[in-house]
Amino acid sequence: MESTLEERRQSETPRSEIVVARGLERTFGTGEAQVRALEGVDVAFERSRYTSIMGPSGSGKSTLMHILAGLDRPTAGTVEIDGVEITGLDDGELTELRRDKLGFVFQFFNLLPVLTAEENILLPLSIARRKPDREWVDLLIDRVGLDDRRTHRPSELSGGQQQRVAVARALVTKPAVLFADEPTGNLDSKSSDDVLRLLRAAVDEFDQTVVMVTHEPDAAAHGDRLIALRDGHLVHDAPPVSADAVIELLKTLA
Amino acid sequence: MLSLTFKNLWARKWRSIMTAIAVVFGIALVAGTYVLTDTTTQAFDEIFVKSNEGTDVAITARSEVDQEDGSTPSFSASYLKRVKRVDGVELAAGTVFSPGAILDRERDSTGGGFSPQFISSTLPERLESLDYVEGTVPAGPGQASLDKAAAERSDLGLGDVVTLVGTGKAEPFKLVGLTELGGASFGGTSIAQVTLPIAQRLTGKQGEFDQISVAAESGVSPEQLRDRISEVLPDDLRVETGTENAERNADDIREGLSFLTIALLAFAAIALFVGSFVIFNVFSITVAHRTREFGMLRTLGSSRNQILRTVLLESFIIGLVASVVGILVGLGLAQGLSAILAAVGAELPANALVVLPRTIIVSFLIGIGITMIASLIPAIRSTRVPPIAALSETVAAGGTSRVLLRGIVSAVLAVVGLALIAVVLIGGLSGGSAALKMGAGAVCVLVAISIFSPQLVRPAASAVGAPLERVGGLIGRLARENSQRNPSRTAVTAAALMIGLALVSFVTVFASGLSSSVDKVIEQNFVGELVIQNSGGFLDFPPKAVEAAGEVEGVEAASGQRYATALLDGKGTSISSIEPSTVAEVVTFDWNEGSDQSMTALQDDQVIISEGVADSQGAGAGDRISITSQKGESKEFEVTAVIAPGTLGLTGDLVVTQDTIGRFFGVDLDSSGLVKVADGADVDQVQQKIEDALKGPFPTVDVLNQQELKDSQQEQINTLLAMIYVLLALAVVVSLVGIVVTLILSIYERTRELGMLRAVGMSRRQIRRMVRYEAVITAVLGAIAGLVIGVIFAFLLGIPLEGDGFTLSYPVPVLVVILILTAVAGVIAAIYPARKASRLDILEAISYE
């Protein structure tokens with residue numbers, strides 16, 4: 001526990017798998033009310049890939065993502081992010097990890113209403129008191145199509161625009177992994193498409209790694225890889241073929 | 001609906017508890033005040049009833065005008081013979097009961113600082129109310145008894161020496177008896193008894209009595225005897241039955257205590273006023289949070305009235321619980337207050353705590369009333385929630401801001417308030433109605449500012465937040481933005497604090513003005529170098545002390561002064577005395593008519609008057625005015641000079657000679673003696689010599705130089721100030737509770753946002769800092785507003801006092817310290833909310849809707 005993140009990173013050999021989870025189990029509650037959300041999941045995510053996690057309600061997909069992102073702790077098992085074992089980290093170290101290595105996009109856009117679009121995008125850097133790389137920020141804002149909305153507050157933006165701000169915010173630190181939790185859950189189809197294409201572009205153009213939980217087949221079809229969970233087990237792991245194929249897959253799971 | 005109300009309250013129990021706390025403090029002070037004063041009153045009732053046991057008829061002198069020290073005139077002992085001759089008198093005896101000093105072996109006081117001490121004479125056993133629980137009744141010279149409580153306080157026993165000081169030199173006595181008054185408590189008061197001739201000599205009342213006590217023969221009722229006796233006595237003597245006498249004395253005490261009651265209740269009112277802001281805020285926010293719930297109830301068929309009733313019922317229950325807790329805390333507070341009073345030397349007599357039904361009823365009425373009135377507007381707002389709100393995603397921001405309405409209401413209130421204040425400022429400050437108008441005016445202005453303040457929060461918070469943004473960067477920025485997000489909420493929270501701090505800064509500025517004015521008067525008007533004063537707690541001292549000081553080597557002149565209250569045109573007017581032969585050496589004044597020379601030339605039938613008296617009487621030098629003494633005798637005095645305003649009570653409104661005040665106005669003791677040191681003599685050495693000379697015969701006096709005099713005045717002001725601070729602290733604490741609640745509620749609203757901030761890398765520390773900054777911004781907003789208003793009020797009130805020599809001074813460093821302390825208090829208020837915010841479970845927070 002005394003070693004810093006930096007030391008630990010160096011002690012591990014670099015590999016193409018940026019997130020590695022082994023034997024993940026997670027139970028909620030005790031006794032009669034006990035729910036086993038994950039019952040032993042092994043999964044790894046490679047760099048520069050776009051993975052969708054699907055599954056019916058209660059399959060454990062959200063729990064899996066929360067644990068992978070260090071927002072929740074597994075009952076058993078380990079998670080390594082960029083070579084760092086995170087399950088044993090304390091709150092301060094997890095905070096630092098989230099700040100430096102992770103990006104988040106939530107279903108509810110979760111912007112700060114008191115800040116402008118650009119300030120919201122720069123928020124993770126401001127929190128870390130780091131100077132933004134202007135070129136990168138401008139490129140990002142331009143790429144998410146909000147160049148003329150920089151000084152607008154969230155209340156002056158549409159839902160799609162707000163979520164694009166959230167994507168830009170998640171990318172501004174060039175994180176090791178970007179986690180997206182139902183990012184299109186609250187959007188119309190046009191805006192959903194914009195957001196999904198942005199996430200795709202993040203992988204293709206900016207070499208980012210994206211892990212997305214979704215229940216929308218269209219969304220899942222944008223990914224390089226589709227993982228499906230059912231009753232806490234990993235039941236499918238393959239590249240997605242088409243939205244229709246995804247629908248078929250979901251039917252078999254339900 | 002009832003069970004729903006209880007469930008709602010329970011579901012939000014901490015919020016309900018915090019709301020209740022906002023009222024508990026005020027109620028506790030209300031209940032505590034009543035319990036304290038009722039307990040004291042009852043103890044005094046007991047004292048007076050017991051001290052009249054065995055006395056069927058009591059004869060005392062009437063007092064035409066109340067003296068500040070509560071003393072009554074004595075009367076000639078020759079009346080005793082007349083009384084004895086009245087048919088039906090079994091036994092009659094005269095007695096002396098006079099303020100004096102009772103000192104222990106170390107010549108320290110046997111009582112607290114402000115607790116009176118009395119020298120009294122023994123009575124025949126039938127009339128004597130004191131029980132001798134140890135030893136014997138003093139029977140001759142050199143013997144004295146003391147009340148047992150005082151003896152125990154000073155660790156005195158039979159055979160020990162006590163020193164009694166009346167109007168002459170201190171005299172030692174052997175303690176031969178210890179007394180009790182049937183188990184009644186005297187508080188810090190001590191009573192010593194000696195035989196009648198000695199008591200008369202000690203108190204300078206040779207040939208006089210303070211009271212004649214009469215026992216009736218069997219078969220003669222006290223009333224019959226009273227009527228018979230009053231026929232043979234002049235009108236200036238009051239003849240009462242023992243019971244009547246006890247009741248009258250008790251009433252006097254009650255009247256005296258009513259000041260304490262009113263003062264304490266005023267502080268309770270302030271705390272409750274502040275508390276009502278907190279309640280208003282909590283209910284406003286809660287109603288906003290429950291918008292969807294109310295909408296749902298409306299869709300299910302609840303009427304507006306039912307919604308109104310649920311919310312009001314909740315506030316009723318909170319008020320009820322707060323009152324119960326407040327009364328219980330009040331019982332403890334009564335003891336606390338009494339301990340504070342005892343600590344400053346004014347221990348009140350007390351037996352068991354007295355809780356009258358009135359105390360309970362008033363506490364409940366106020367507690368429930370304030371809570372319900374404060375929640376009325378939010379409750380009405382809750383009825384405006386349309387059924388569709390049940391379906392809406394967003395939680396209403398709460399607090400619709402109708403700028404125009406706010407503007408008009410606050411303008412009207414401000415005008416009314418300022419008008420009330422102006423009336424007082426122009427019309428003069430005397431009288432209770434002036435204080436009431438002033439208070440009402442201040443309340444109007446404060447409420448006006450509170451109502452309008454949401455409009456001021458945005459710019460003000462930007463200004464206050466600017467330094468925090470510089471220091472804290474993003475964190476400071478977010479804190480500032482958060483404080484501006486819901487201006488009316490921040491405004492109400494800050495306004496609650498503003499009220500407390502306005503009063504704090506008002507009394508601070510005023511007290512500072514008072515002490516610098518006192519300093520100025522001492523510097524400008526007091527030519528002498530030294531002052532002889534009573535040492536802490538003793539009211540006045542024998543004039544022989546000043547005489548003795550005048551004979552000390554190196555003293556050019558020593559001049560005594562006395563103070564009393566006389567009647568002028570039926571109004572109590574302060575009167576003081578000077579010693580014409582020496583006064584010019586020790587003081588100097590500005591004169592409208594006459595000069596310092598007028599003091600030297602003052603004759604026994606002449607008077608110097610203040611500008612105020614000159615104006616009200618239309619009198620000037622050469623005119624004659626009639627002044628009435630406490631005994632009711634009137635006499636014409638020739639006005640020889642008019643003193644210019646600005647002596648700040650160094651003289652009374654009327655100034656006569658020492659002889660006159662002693663003979664005609666019956667004031668035997670000096671209040672102070674001013675000393676002029678001879679040219680070339682060393683002041684410190686002379687001071688030491690005077691001290692040495694006075695120590696033995698006059699142990700109750702101190703000799704102070706000018707600086708020490710200033711310090712002692714300063715100390716008195718500070719003691720009073722400290723007590724006011726303690727009482728105002730209640731209101732400030734209530735407003736801090738307001739900050740805590742508001743922060744917690746705001747955090748609850750921003751749960752998801754906080755979760756997001758944590759998710760994108762904000763540390764717990766940063767979250768805590770953000771909450772803390774927000775609290776500091778709110779606190780500093782309230783503090784600055786309060787300080788500004790307090791200073792303005794002090795300035796306004798200072799204007800009419802300027803004529804009396806009062807000049808304001810602004811203790812900037814103290815005000816800055818208050819500002820800093822308030823910011824620190826904000827940080828402390830934020831501890832719990834900040835912890836709560838930083839401990840939010842990120843997962844729950846982001847999935848929270």
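## Chain A at a glance

How many helices and strands are there in chain A? In this predicted model, chain A has nine helices and ten strands. The C-alpha trace of chain A spans about 50 × 50 × 35 Å along its principal axes.

Turning to the interior, 48% of the 254 residues of chain A count as buried. If you take the contacts in chain A with a separation of 6 or more, 69% of them come from residues 24 or more positions apart.

## Two loop residues with positive phi

Glu182(A) is not a glycine, yet it has a positive phi of about 50°. You will find Glu182(A) in the loop between strand 7 (177-181) and helix 7 (189-204) of chain A. Asp207(A), also a residue other than glycine, has a positive phi near 65°. Asp207(A) sits in the loop between helix 7 and strand 8 (210-213) of chain A.

Are these residues buried or exposed? Glu182(A) counts as buried because it has 20 C-beta neighbours inside 10 Å. Asp207(A) has 10 C-beta neighbours inside 10 Å, so it counts as exposed.

## Chain B at a glance

Chain B has 28 helices and 25 strands. Taken along the principal axes, its C-alpha atoms fill a box of roughly 95 × 70 × 50 Å.

Of the 849 residues of chain B, 51% count as buried. Among contacts in chain B between residues at least 6 apart in sequence, 83% join residues at least 24 apart.

## An antiparallel sheet and its helices

One sheet in chain B can be followed strand by strand. It is an open sheet of four strands in the order 16-24-15-25, with antiparallel pairing. Which strands are at the edge? They are strand 16 (555-561) and strand 25 (701-705) of chain B, each of which pairs on one side only. From one strand to the next, the twist averages 20°. Strand 15 of chain B, residues 530-534, pairs with strand 25 of chain B over five bridges in the antiparallel sense. The bridge partner of Leu530(B) in strand 25 of chain B is Asn705(B).

Helix 22 of chain B, residues 683-695, packs on this sheet and touches strand 15, strand 16, strand 24 (672-677) and strand 25 of chain B. The direction of helix 22 makes about 175° with that of strand 25 of chain B. Helix 23 of chain B, residues 706-749, lies across strand 15 and strand 25 of chain B, and runs at about 115° to strand 25.

## A helix pair in chain B

Helix 2 (residues 13-51) and helix 7 (residues 242-289) of chain B pack at an angle of about 175°, with their axes 8 Å apart. The angle is over 145 degrees, so helix 2 of chain B is roughly antiparallel to helix 7 of chain B. By class, their contact has 23 nonpolar, ten polar and three charged residues.

## Where the chains meet

At the interface, 20 residues of chain B are in contact with 21 residues of chain A. On the chain B side, helix 15 (474-485), helix 24 (751-759), helix 25 (764-801) and helix 28 (842-847) each supply at least two residues. Which of the helices gives the most to this side? It is helix 15 of chain B, with five residues.

The residues on the chain B side divide into nine nonpolar, five polar and six charged.

How values were computed. Residues numbered from 1 in each chain as written. Chains lettered and ligands numbered in written order. Predicted model: local features only at pLDDT ≥ 70, side-chain atom pairs only at ≥ 80, totals over all residues. Pairing = 2+ DSSP bridges. Axes fitted to C-alpha atoms, helices over the stretch in contact; angles between N-to-C directions. Contact = placed C-beta atoms within 7 Å. Nonpolar A, V, L, I, M, F, W, Y, C, P; charged D, E, K, R; others polar. Parallel < 35°, antiparallel > 145°, perpendicular 65-115°, else oblique. Buried ≥ 20, exposed ≤ 12 C-beta atoms within 10 Å, placed from the backbone.
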